[in-house]
Amino acid sequence: MSDDTAVGISLEFAKCKNSNDSCHGTVELDSDHGTDTVAATVLQNKKCKSNTDDTIPNSSHESNYAHHFTGKHTGRKYWQIVSVFSSFIVNMFYGGLAASYGVMYSYMKEPLGVSEEEVTWFGSLFGGFIGIASILAMVCVEHFGGRLTTLVGGLLAASGLILGSQVNDLNLMYCTLGFLPGAGVCLAYNATMVNVNNQFSKWRPLAVGISVTGIAIGVLVFPPVSAVTADVFGWRGTFLIYGALILHFIPCAVWITPKNNTGDSDSRRVSLGQTMVDCLRLLRSPDAIFLAIAHISLGFGYYTFATFIPDYVTTSPYSMTTSEASLIVSSLGYGSIAGRIIFSGISMASHKATNYIFILSVCVCGLTNLLVPLCKDSIAFYTNGVAYGIALGGWNGVHTILLVKLFGLDNLSKSFSMCVMCQGIGSFGGAPLQGYFATLFDKDMAFYSAGTSFILTVMFMVIIMQHHLTPCPVRRKSFKVVGSGFANVGFIAGSSDTVVAS
């Protein structure tokens with residue numbers, strides 16, 4: 001080895017005076033441009049005793065240390081597992097309730113005496129405020145932590161559904177069945193998703209994939225269950241039952257650990273003002289602006305299939321029953337389960353696969369909506385629904401993983417909340433505007449507009465990803481590294497415990 005590349009490091013190790021001592025030192029890096037001094041801290045792994053005569057650790061101390069390490073590792077595994085389960089439950093209600101509104105419209109229009117455009121506002125307010133309230137959710141997660149945020153969200157959603165099942169005023173029902181459940185689910189959804197991403201590193205794609213599979217299970221189960229319960233208990237009894245079931249968010253809140261996988265506190269207790277400043281700072285990036293526009297377009301068509309398919313297939317020329325229509329909506333769940341699990345696994349195998357999965361899945365979402373008017377029988381609708389579900393599962397399964405790649409894990413809560421908020425803005429006006437198009441022209445226009453919005457999303461996301469894939473020129477620089485040693489503040493001159501290595 002030449003002198004230019006040789007590295008000489010002299011290390012001096014000694015026992016610390018007590019358990020709180022640390023070993024401090026410096027390393028000098030000699031380069032062509034000068035000398036840099038880097039402070040280094042070497043922490044001892046074992047507990048030191050004040051008695052310097054005890055130079056050999058006994059087996060009981062090593063056994064206690066191993067037991068402590070094993071217990072800490074087991075505790076971390078517990079919190080990781082329950083974080084996935086709590087997020088799964090919240091996602092199940094998120095997807096299930098959103099998919100059920102289209103089925104419930106058939107039971108609500110005649111008793112309430114409202115038009116199709118008026119009744120679609122229930123689902124639009126629910127889906128819209130799931131997104132619009134995400135800025136509030138982000139502030140709550142950053143300031144109060146995920147546990148309290150999920151608890152408040154569950155109580156808001158449950159109170160809204162229970163009160164909405166008892167009132168008669170239409171405007172008040174918009175608030176109780178639209179705004180309150182949407183805002184409550186939004187708080188819990190953002191908190192649990194951020195918690196899952198914080199709990200995992202290597203296995204993050206699989207953990208997120210299992211978590212968001214709850215949305216697919218909800219889409220699969222809730223529409224037919226809603227039809228059955230509405231036949232037996234009416235639409236008011238159905239919402240009352242859902243209000244009671246959503247109280248399961250309370251144990252989900254308890255399962256959110258106060259610490260993440262790095263050992264940091266889940267609740268960082270940052271100020272509200274600082275949180276808002278951090279959020280606005282993210283929007284200074286051109287990529288963040290394009291991302292916001294892309295998700296507004298994505299939200300415009302996100303709920304179209306589940307909202308308009310029941311009315312579309314129960315009228316002429318198809319004339320299906322409400323139960324058959326609910327099964328078509330639930331077919332999204334079958335495909336979504338497969339899409340979320342399969343594509344999440346693929347994203348683990350290849351780092352670059354996340355980008356392609358997201359783009360391809362959103363593109364298929366657009367194509368399946370455009371193909372709805374071409375379906376002529378129930379089999380065609382089922383097949384199209386499954387394909388749409390696979391595509392939904394694909395991009396939902398890698399969504400947060402893609403945000404981590406684009407903006408980093410530290411900005412996940414802010415970037416994720418911004419995306420959900422923009423998606424909610426699109427959803428807020430999507431269904432009513434599509435209902436207006438269906439009334440003004442024909443019912444096919446709702447699906448044509450949704451398909452177009454997905455294609456626009458693909459265009460904006462390609463621009464963002466192309467910018468991040470463009471390599472930046474890096475100037476390479478070589479250094480000659482010379483280590484001058486470590487000074488141990490706990491070193492006792494002349495002690496027989498000192499070991500010198502050079």
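**Reading the model**

A: Buried means under 20% relative accessible area, exposed means over 50%, and partly exposed lies in between (1.4 Å probe, protein chains only). This is a predicted model, in which local features need pLDDT of at least 70 and side-chain atom pairs count only at pLDDT 80 or more, while totals for chains, interfaces and linings use all residues. Residues are numbered from 1 along each chain as its sequence is written, and side-chain values use heavy atoms, with hydrogens and water left out.

Q: Which residues form salt bridges with Asp311?

A: A salt bridge is a side-chain nitrogen of Lys or Arg within 4 Å of a carboxyl oxygen of Asp or Glu. Asp311 pairs with Lys443 at 2.9 Å, N to O. Asp311 lies in helix 10 and Lys443 in the loop between helix 14 (412-440) and helix 15 (444-469), so this pair ties together parts that are 132 residues apart in sequence. Asp311 also forms a salt bridge with Lys109, where the closest N and O atoms are 3.6 Å apart. That pair links distant parts of the chain, with Asp311 in helix 10 (residues 304-314) and Lys109 in helix 1 (residues 59-112), 202 residues apart. The structure holds 2 salt bridges, and Lys109, Asp311 and Lys443 are linked in a network of them.

Q: Are Lys109 and Lys443 buried, partly exposed or exposed?

A: Lys109 counts as partly exposed at 25% relative accessibility. Lys443 is partly exposed too, at 31%.

Q: How many helices and strands are there in the protein?

A: Helices (H or I, at least four residues) and strands (E, at least two) are DSSP runs, numbered from the N terminus. The protein has 15 helices and 5 strands. Of its 502 residues, 49% count as buried.

Q: What does the span of helix 5 show?

A: The expected span of a helix is 1.5 Å times one less than its number of residues. Helix 5 (residues 170-199) has 30 residues and reaches 43 Å from its first C-alpha to its last, close to the expected 44 Å. Helix 12 (residues 353-370), with 18 residues, reaches 26 Å, close to the 26 Å expected.

Q: Why is helix 5 described as largely enclosed by the rest of the structure?

A: The description follows from burial: 25 of the 30 residues of helix 5 are buried, so the helix is largely enclosed by the rest of the structure. In helix 12, the buried residues include Ile357, Phe358, Val362 and Cys365.

Q: What does a side-chain oxygen of Asp169 reach at the start of helix 5?

A: A polar contact is a pair of N or O atoms within 3.5 Å; within protein, one must be able to donate a hydrogen and the other to accept it, and residues adjacent in sequence count only if both atoms are side-chain atoms. The side-chain oxygen of Asp169 comes to within 3.3 Å of the backbone nitrogen of Asn171.

Q: Which backbone oxygens do the side chains of Ser124, Ser449 and Thr452 reach?

A: An α-helix has 3.6 residues a turn, so residues three or four places apart point the same way. In helix 2 (residues 116-132), the side chain of Ser124 reaches the backbone oxygen of Thr120 at 3.0 Å. In helix 15, which holds Ser449, a polar side-chain atom of Ser449 lies 2.8 Å from the backbone oxygen of Ala446. Thr452, also in helix 15, has a polar side-chain atom 2.9 Å from the backbone oxygen of Tyr448.

Q: Which residues do Ser124 and Ser449 touch, leaving aside sequence neighbours?

A: Contact means heavy atoms within 4.5 Å. Beyond four places in sequence, Ser124 is in contact with Tyr105, Ser427, Phe428, Ala431 and Pro432. Ser449 touches Phe300, Gln434 and Phe437 on the corresponding count. Ser124 is buried at 2% relative accessible area, and Ser449 is buried at 14%. Thr452 is partly exposed, at 44%.

Q: What share of contacts in the protein join residues at least 24 apart?

A: Among contacts between residues at least 6 apart in sequence, the share is 82%.
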